[in-house]
Amino acid sequence: MPKKPKFTKEEVIKSGYQIIKEQGKDNLTARFLAASLNCAISPIFTLFENMEELKNEIFLYTKNEFINLMKESASYFPMFKQFGLLFISYCMDNPNLFMFLLSKTEGDISKIIYLEKDFYNLLEKNICEVFGFNNDEAKELFGKMMLIANGIGISIIEKKDNLLFKRIGTYFSEMCIGLVLQMKAKKGQLDIGDAQFLSNQTSVMPKKIK
């Protein structure tokens, strides 16, 4: 009978998470993990069937941490903009974890958000409130902005550009407003007053409301 491991399943998951955070997902190997736990490889696989199962557990742990951070945007108005700023901040602070999440979601982290239905509904409601959209239009805007956010995140990680990060709030807002104006114009819903008002919103920062 194999010896009972001296660590818990959660401790292994946290150790693997830390390896990915510091060294990147490609460095999460059984040998590296065993070294971090100061043990042989075999005890790890009394808790997990294989490395794929372990990686899936680490993904769930990382996803929950990411979602909890994103949910902080619910305390701000506009929530949607704070969500975008938190998303970019996460990319900057946790580049290896961000790339890990991308790898597990086929390059589209919005899949994680859609699964959190209550939270996503709050985001959608805020978009409708701010831009006067219906639910379908809000979902369209969110999907497009998430594609942009994924690209911005990768760009920040690859360039490691702190100046870009400082300007990102304005860039993100300008892209969002540009999409809103385009969507409204296509539907014949745009007038000069709306365009001027929306353009002025690019410099407005989210404020905490609760």
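Two residues are in contact when heavy atoms lie within 4.5 Å. By that criterion, and leaving out residues up to four places away in sequence, Ser36 touches Ser15 and Ile19. This is a predicted model, in which local features need pLDDT of at least 70 and side-chain atom pairs count only at pLDDT 80 or more, while totals for chains, interfaces and linings use all residues. Residues are numbered from 1 along each chain as its sequence is written, and side-chain values use heavy atoms, with hydrogens and water left out.

**Ser36**
- Ser36 sits in helix H2 (residues 30-37); helices are DSSP runs of H or I with at least four residues, numbered from the N terminus.
- Ser36 has 38% relative accessibility and therefore counts as partly exposed (buried is under 20% relative accessible area, exposed over 50%, partly exposed in between, with a 1.4 Å probe and protein chains only).
- The C-alpha atoms of Ser36 and Ser15 are 7.0 Å apart, across 21 residues of sequence.

**Asn150**
- Asn150 belongs to helix H8 (residues 135-159) and is buried at 4% relative accessible area.
- Beyond four places in sequence, the contacts of Asn150 include Phe87 and Phe98.

**Aromatic pairs**
- The structure holds 11 aromatic pairs (ring centres of Phe, Tyr or Trp, its six-membered ring, within 6.5 Å; planes under 30 degrees apart are stacked, over 60 edge-to-face, the rest tilted).
- Phe87 and Phe98 have ring centres 5.8 Å apart and planes at 90°, so the pair is edge-to-face.
- Phe87 lies in helix H4 (residues 79-93) and Phe98 in helix H5 (residues 95-104), 11 residues apart.
- Both Phe87 and Phe98 are buried.

Key. Helices (H or I, at least four residues) and strands (E, at least two) are DSSP runs, numbered from the N terminus.
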